[in-house]
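Please find below some notes on the model you asked me to look over.

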Amino acid sequence: MKNKKHYIQTAVVSVFFVAAFAFLVSGNTLTSNFDLESQQAAAGDFDWKAFYRIESLVLIDASTNKPVRKLLDGDTVNIQEFEKGKFSIEAVTTPSVNSVLFAIDEMKESRRDSLMPFAASYELYGNFHQLPLELGEHTVTATPFSHKRARGFIGDPVSISWTLVDDSDPL
């Protein structure tokens with residue numbers, strides 16, 4: 001019974017905050033008349049996707065769990081940049097994002113991550129696992145979501161095409 005009471009209290013508080021936010025977004029003040037149509041129009045014009053956004057994709061050294069650099073469209077990534085040649089990709093997002101769906105190379109879904117940091121490969125408590133990719137051209141697409149498990153409001157996906165090479169220095 002206690003869990004049911006907690007659930008109801010949480011739902012009531014959530015509805016209150018959503019209503020208060022919609023009221024503020026509409027531009028109304030407490031002294032204005034309540035005009036539902038104008039509030040709905042103002043909320044509809046609001047840029048919700050700004051809250052659910054991928055800021056950047058970052059290459060992570062999976063051996064040290066440290067960022068190496070941003071991944072940019074058209075990049076050539078040398079496997080030798082990473083200790084032991086192991087790397088992953090992290091999606092850096094706005095704070096409101098609760099999950100990211102990664103798709104790599106024509107795959108509709110390669111990984112859903114619901115815990116920060118959002119990684120294209122398995123990651124637990126900041127320990128990144130290697131992203132197993134062959135040398136050659138790749139495309140990674142990261143799509144942000146407002147809820148866990150790639151559900152809720154969908155932000156704009158970010159797609160980056162890049163090439164993975166192995167330029168070993170023989171010296």
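1. From the N terminus on, the elements of the protein run α-α-β-β-β-β-β-β-β-β-β-β-β-β, which comes to two helices and twelve strands. These elements are DSSP runs, with helices (H or I) of at least four residues and strands (E) of at least two, numbered from the N terminus. Residues are numbered from 1 along each chain as its sequence is written.

2. The model is predicted, so that local features need pLDDT of at least 70 and side-chain atom pairs count only at pLDDT 80 or more, while totals for chains, interfaces and linings use all residues, and side-chain values use heavy atoms, with hydrogens and water left out. The mean pLDDT (the predictor's confidence in each residue, from 0 to 100) is 81, and 71% of the residues reach 70 or more. Please treat one stretch with care: over residues 28-34 pLDDT stays under 50, and the model has six contacts beyond four places in sequence for them.

3. Of the 171 residues of the protein, 35% count as buried, where buried means under 20% relative accessible area, exposed over 50%, and partly exposed in between, with a 1.4 Å probe and protein chains only. Contact means heavy atoms within 4.5 Å, and among contacts between residues at least 6 apart in sequence, 59% join residues at least 24 apart.

4. An open sheet of four strands has the order 2-1-4-7, with antiparallel pairing; its edge strands, each pairing on one side only, are strand 2 (66-70) and strand 7 (118-119). Two strands are taken to pair if DSSP finds at least two bridges between them. Strand 1 (residues 54-61) is joined to strand 2 by four bridges, running antiparallel, and I60 stands opposite P67 of strand 2.

5. Strand 5 is mostly covered, since six of its six residues are buried. From this strand S99, L101 and A103 point one way, whereas V100, F102 and I104 point the other way, and all are buried. Strand 5 is joined to strand 10 (residues 136-147) by six bridges in an antiparallel arrangement, with V100 opposite P144. Strand 5 also pairs with strand 6 in the antiparallel sense, over three bridges; in the hairpin that these two strands form, six residues lie between the strands, and D105 takes a positive phi near 50°.

6. The bridge partner of F102 in strand 6 is R111. Although F102 and A142 are 40 residues apart in sequence, their C-alpha atoms are 4.6 Å apart in space. Leaving aside neighbours within four places in sequence, F102 is in contact with a set of residues including I89, A91, F118, V140 and A142.

7. S114 lies in the loop between strand 6 (111-113) and strand 7, and this loop residue is buried because its relative accessible area is 17%. Its side chain reaches the backbone nitrogen of R149 at 2.7 Å. Not counting residues up to four places away in sequence, S114 touches N98, S99, K148 and R149.

Methods
Polar contact = N/O pair within 3.5 Å; in protein donor to acceptor, adjacent residues only side chain to side chain.
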